[in-house]
Amino acid sequence: MSGTLNKVMLIGHLGDEVKMHYFEGGNSIGRFPVATNESYTNKQTGEKVTNTDWHNVVVRNKAAEICEKYLSKGDKIYVEGRLKTRQWQGEDGNTRYATEVHVQDFKFLSTKRESENNAQQRQPVAQNTPAKPEVSAVSQAQPEDDLPF
């Protein structure tokens, strides 16, 4: 194979609000961190261990404005893009690097509020208290077939 491939697919939760930067000429960039988790059970202690990785995500122009409008900290998102490494001089004169995911496609998967409601619905309910699950249009949507798994 003579070609190369630079493709990243992430499903994770926003770690902060979308930070926007606007340029002359109407272009814009949105940046936000996405957390992905890996869980396993330690064989020696039997303890469940969760490791979190943080990814710097960059979206541009109209996509950035859409993300700023509809996303907030804790929301679950699917992003697809490519890795780029940025380099700059720090105030101390040292060269700094940051690897970012430059988004080419994204899908909103759930809001933080929906995730909290789903967690509450999974908890046992007292027998005398009827369960009143909150139903949203997003949770009733048909699953899409274009996810990579």
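Y70 sits in helix 1, which spans residues 61–70. Helices here are DSSP runs of H or I with at least four residues, strands are E runs of at least two, and both are numbered from the N terminus. This is a predicted model, in which local features need pLDDT of at least 70, side-chain atom pairs count only at pLDDT 80 or more, and totals for chains, interfaces and linings use all residues. Residues are numbered from 1 along each chain as its sequence is written, and side-chain values use heavy atoms, with hydrogens and water left out.

**The chain as a whole**

- The chain has three helices and six strands.
- From the N terminus, the order of elements is β-β-β-β-α-β-β-α-α.
- Of its 149 residues, 27% count as buried. Buried means under 20% relative accessible area, exposed means over 50%, and partly exposed lies in between (1.4 Å probe, protein chains only).
- The accessible surface of the chain is about 11300 Å², and 47% of that belongs to carbon and sulfur atoms. Such areas come from the Shrake-Rupley method with a 1.4 Å probe; for residues, only the protein chains shown count as cover.
- Take the contacts in the chain with a separation of 6 or more: residues 24 or more positions apart account for 56% of them. A contact means heavy atoms within 4.5 Å.

**Y70 and the aromatic rings**

- The structure holds two aromatic pairs. Rings of Phe, Tyr and Trp (its six-membered ring) pair if their centres lie within 6.5 Å; planes under 30 degrees apart are stacked, over 60 edge-to-face, and the rest tilted.
- One of the pairs joins Y70 and F108, and it is tilted, at 6.3 Å centre to centre with 45 degrees between the planes.
- Y70 lies in helix 1 and F108 in strand 6 (residues 95–110), so this pair ties together parts that are 38 residues apart in sequence.
- F106 and F108 also pair: their ring centres are 5.5 Å apart and their planes are at 40 degrees, so the pair is tilted.
- Together, ring pairs link Y70, F106 and F108 into a cluster.
- Y70 is partly exposed at 49% relative accessible area, and F108 is partly exposed at 36%. F106 counts as buried, at 18%.
- I66, Y70 and F108 form a nonpolar patch on the surface, with about 270 Å² of accessible area together. Patches are made of residues with over 30% relative accessible area and no salt bridge; like charges are joined within 9 Å, and nonpolar side chains (Val, Leu, Ile, Met, Phe, Trp, Tyr) within 5 Å.

**The nonpolar core**

- The largest nonpolar core has 17 residues, and V18, F32, V57, C67, L71, I77 and V79 touch the most other members. A nonpolar core is a set of buried Ala, Val, Leu, Ile, Met, Phe, Trp, Tyr and Cys residues joined through side-chain atoms within 4.5 Å.
- At least two core residues come from each of these: strand 1 (8–14), strand 3 (28–41), strand 4 (48–60), helix 1, strand 5 (76–89) and strand 6.
- Leaving aside neighbours within four places in sequence, V79 contacts V8, M9, L10, V57, V103, D105 and F106.

**Salt bridges**

- The whole structure contains six salt bridges. Each is a side-chain nitrogen of Lys or Arg within 4 Å of a carboxyl oxygen of Asp or Glu.
- One of them joins R31 and E100, at 2.6 Å from N to O. R31 is in strand 3 and E100 in strand 6, so this pair links distant parts of the chain, 69 residues apart.
- E100 counts as buried, at 3% relative accessibility, whereas R31 is partly exposed at 32%.
- R31, R86 and E100 are linked in a network of salt bridges.
- R96 bridges to D92, with the closest N and O atoms 2.7 Å apart. Both residues are partly exposed: R96 at 36% and D92 at 47%.
- K107 and D105 meet at 3.9 Å, N to O. K107 is buried at 19%, while D105 is partly exposed at 32%.

**R86 and its surroundings**

- R86 lies in strand 5 and is partly exposed, at 35% relative accessible area.
- R86 and E100 are 14 residues apart in sequence and 7.6 Å apart in space, C-alpha to C-alpha.
- Setting aside neighbours within four places in sequence, R86 is in contact with R31, R96, Y97, A98 and E100.
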